[in-house]
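Here is a brief report on selected local features of one protein chain. Please read it with the sequence and the structure open.

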Amino acid sequence: MQEDMIYPAGCRPVTDDLGPDELIRRLKTLAHTLQAMGQDEGMYQQYIPLTLHLAEDYFLKHISKDVQLLIACCIADVLRVYAPDAPYKDPEQVKGIFMFLIKQLAGLKDPKDPAFKRYFYLLENLAYVKSFNMCFELEDCQEIFCKLFSLMFKIVNDEHSTKVKSFMLDILCPLICESDMVASELLDIILINIVEPNKSQRRNAYSLAKDLILKCSNTLEPYIQSFFNHVLILGKNEKNLAISTKTYDLIYELNRISPSVLLAVLPQLECKLKSTVEQERHGTVSLLARMFSERESNLAKHHSVLWQAFLSRFNDISVSIRIKCVQYAMHLLLNQPTLRQDLTEALSLRSSDSDMNVRHETVMAIVSTAKHDFEPIADHEELLLVVKQRMCDKKFKIRKEATSGLAFIYKTYLNDPDVPQATKKAFTWIKDKILHGYYRTCVEDKSLVERLVNTSLVPYQLPPEERMKRLYHLYGTIDDYAKKSFMEIQKTQLLIRSHLKDFLDNHKKEDSPQRDREIQASIKLLTRYLPESVKAAEFIGKFSQHLIKDSSLLSSMDTIAKQNSSTAEISEATNLVLRKLGQPVMTNLYYNTVKALLERASSVMIDSQALKALFNHVENCLSGGNMIEELGLHPGTAGYRGLELLNVLSNTFACHFYHPDILDKLLDLSHHDDEYIAPQVLTMLTTIGKYSALGDSYPEFTEKLIPICKKLAVSGTPKQAKGAIRCLYVNVYKSKNDIFDDIVEKTKMNLEPDSDHYETAIVALGHLAINVAEKYNVHFKNMISRKI
């Protein structure tokens, strides 16, 4: 037989008695010769016995990989040269040849392999001639295709060039597009690569599958539709198909890759939304929520009935489904402007849901949307009103989320000139509603409001100048109830700082049973201001032991509790303390308890530097400057509100007023023409004097103050007289107990009905009697008996 076999010129016989090396040499020559041959037009019939010889089992199953590769290249060239009428006619032989070629294509896996060029040539040759199309005539063609597709998805990797991937597609696409049918198993092999975990773990296989679906979408559509009909409508899951358990993921990915293949599938999901099985509704809702909320999605526009069916699930009987709908609301609000009105109505209903988790998720969805992009909230004021309503929820968890969310919005967008009018209007009630929360008796609510005042309404991280603008704007625009809350916050925090200072002072005493009892009493006092006081007592007790052992920790706490510490010093000391308490995680209850105490005790809003800035702002407003417009205050009340604010702060931060610059500013203000200013200034000086009498600390200042107070006590308004006498008594009387002699005499002279200062004299007499009755007892009796 070998003697009759004709070989091309220059090629020597390849027989089974040759050694591997010689066989490889001869096959290389033959492969090179076949490679040079053009398409057969009856020219190469004499080589048909040779082509059949090359496909014998001896060569296909040769132990040498190099022999197998060369044989594969030769056969590929044979298929090219003799196309479309290949010399291989026996179906079993044809199947064996293509299974052999698929096995050889596995060599493409490693582009660094020295033989890769031959593997690439094999791929290119098979792609160019569409050699695998020969298999259509075989009964087992789908088995061959499944093996080929599986191999391609398995071997494709990052190191493959665009050309390699392109030739892979050139081989695979015709096997789908030109086939009479696509087997379920083949569909499974393709589609499993576009869903997790393959999508993430085998990105190149995903990319190949994606390109394949795009190129063959028209052919694949009826088979994909048939698969989903079986699964969605008939409820038949083919267990041998991996994609049967990934139905919803598959729809989502196909919609992203080629929406057209799902045109007949998506309407079927409406039935699933109304299924009596909760798990089916849940899966469908999750899928549609993802699909509707895609940034470029037009699904709601093209399938409006499906969108309305999805919206109805916001009112599903299942809590988990209602939660799922609400959780996706943020993505829908951000990415689908045309759907915002529908979502606003749906969220408004869910905000009053009977289940607290649904209400909580509703608030979180709206707040999260605002944190990412404020436009959807600004365009639909009803969403802000939903959050406002939840500030009064019966559950603290929801109140906290709503209050913190509005505080974030206020902090972030207060000075944004581009926010719409509706949002500016919301800023007028957000700060009021936050402060109104302080009227609640719950410790958690009070602690939350205090924290938000310092972090959002008046952020302590801002520079003093900007921080005081925020504070002035806040106090100048809140309602009376909020104002009372603000005052109460300052008083409460001052009281907590006082208790904290006592607690720390006890740790500086000598170790004794008495000291331990005093520490325990201090702990009991402090834990009244913390949530879950029993647990808090345990952790504050642990903190006490920590303070005893660590002197640097005690020193940092002293800085926090000290009244005259600056904002920067307190902030730095707080960070030092917290770093010593372990990881800042929810499960570290020790850390969170001490942090809650520090939040309630720290005075980070005001220091002497900030106070100077505030005085400058108030002076500007009193003189009708541009600060009134910048802060958005009412021109008629801006100055008065500023003085009122300074008065409130003097009660809490008196030590920061003890600065020559600030005292001089107060003195200057007392000369102001408006009669309402002096009483406020005198009240501040009186409050400061209670902390430490100015006559002792600043005698030069009191020398300037005394003539002003005497004048106002005698010839000022009744309010000015009252403030002047009280101011002198608190600040000067102890060091100069004859300070009131002149005032008493002049008051006596003015106690005449025809005097211009008759009313002032009556008020002055009353307040002199209250403060210095013992010294002027006889004078007062005579004045009252003769003049009153």
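## Terms and model

A residue counts as buried under 20% relative accessible area, as exposed over 50%, and as partly exposed in between. The model is predicted.

## Charged surface patches

K109, K147, K154 and R202 form a positive surface patch. One of them, K147, sits in helix α7, which spans residues 141-155. K147 has a relative accessible area of 43%, so it is partly exposed. Patch members must have over 30% relative accessible area and no salt bridge.

A negative surface patch is made up of D16, D17, E56 and D57. D17 belongs to the segment before α1 (20-36). Its relative accessible area is 63%, so D17 is exposed.

## Salt bridges

Side chains of opposite charge can pair when their charged atoms come close. The structure holds 44 salt bridges.

Which side of the cut-off is K89 on, buried or exposed? K89 is exposed, because its relative accessible area is 56%. D85 is exposed too, with a value of 51%.

## Bridges between helices

R340 and E375 meet through their side chains in a salt bridge, 3.8 Å from N to O. R340 lies in helix α20 (residues 340-350) and E375 in helix α22 (residues 375-379), so this pair ties together parts that are 35 residues apart in sequence. R340 has 4% relative accessibility and therefore counts as buried. E375, at 44%, counts as partly exposed.

E599 and R451 also meet in a salt bridge, at 3.4 Å from N to O. E599 is in helix α33 (residues 589-601) and R451 is in helix α26 (residues 443-457), so the pair ties together parts that are 148 residues apart in sequence. R451 is partly exposed, at 25% relative accessibility.

## Buried positions in helices

K431 is part of helix α25, residues 421-436. Is this lysine, K431, buried or exposed? Its relative accessibility is 2%, so K431 counts as buried. Leaving aside residues up to four places away in sequence, K431 touches Y410, L457, H473, L474, T477 and I478. The C-alpha atoms of K431 and S456 are separated by 9.7 Å, and the two residues are 25 apart along the chain.

T344 is placed in helix α20, the helix that also holds R340. T344 is buried, because its relative accessible area is 2%. Again leaving aside residues up to four places away in sequence, T344 touches H380, E382 and L383.

## Backbone features

Most residues other than glycine have a negative phi, and most peptide bonds are trans. The following positions depart from that pattern.

Where is the cis peptide bond that involves P197? It joins E196 and P197, and omega is about 5°. P197 lies in the loop between α9 (184-191) and α10 (198-201).

K130 has a positive phi, near 55°, and is a residue other than glycine. K130 is placed in the loop between α6 (116-129) and α7. The relative accessible area of K130 is 37%, so this residue is partly exposed.

E532 likewise has a positive phi, near 50°. E532 is found in the loop between α29 (513-527) and α30 (533-549). At 53% relative accessibility, E532 counts as exposed.

Key
Residues numbered from 1 in each chain as written. Predicted model: local features only at pLDDT ≥ 70, side-chain atom pairs only at ≥ 80, totals over all residues. Heavy atoms only, no water. Patch = residues over 30% accessible without salt bridge, like charges linked within 9 Å, V, L, I, M, F, W, Y side chains within 5 Å. Areas by Shrake-Rupley, 256 points an atom, 1.4 Å probe, with all protein chains shown as cover. Salt bridge = Lys/Arg side-chain N within 4 Å of Asp/Glu carboxyl O. Lys, Arg positive; Asp, Glu negative; His and termini not counted. Charge placed at Lys NZ, Arg CZ, Asp CG, Glu CD. Helix = DSSP H or I, 4+ residues; strand = E, 2+ residues; numbered from the N terminus. Buried < 20%, exposed > 50% of the residue type's maximum accessible area, 1.4 Å probe, protein only. Contact = heavy atoms within 4.5 Å.
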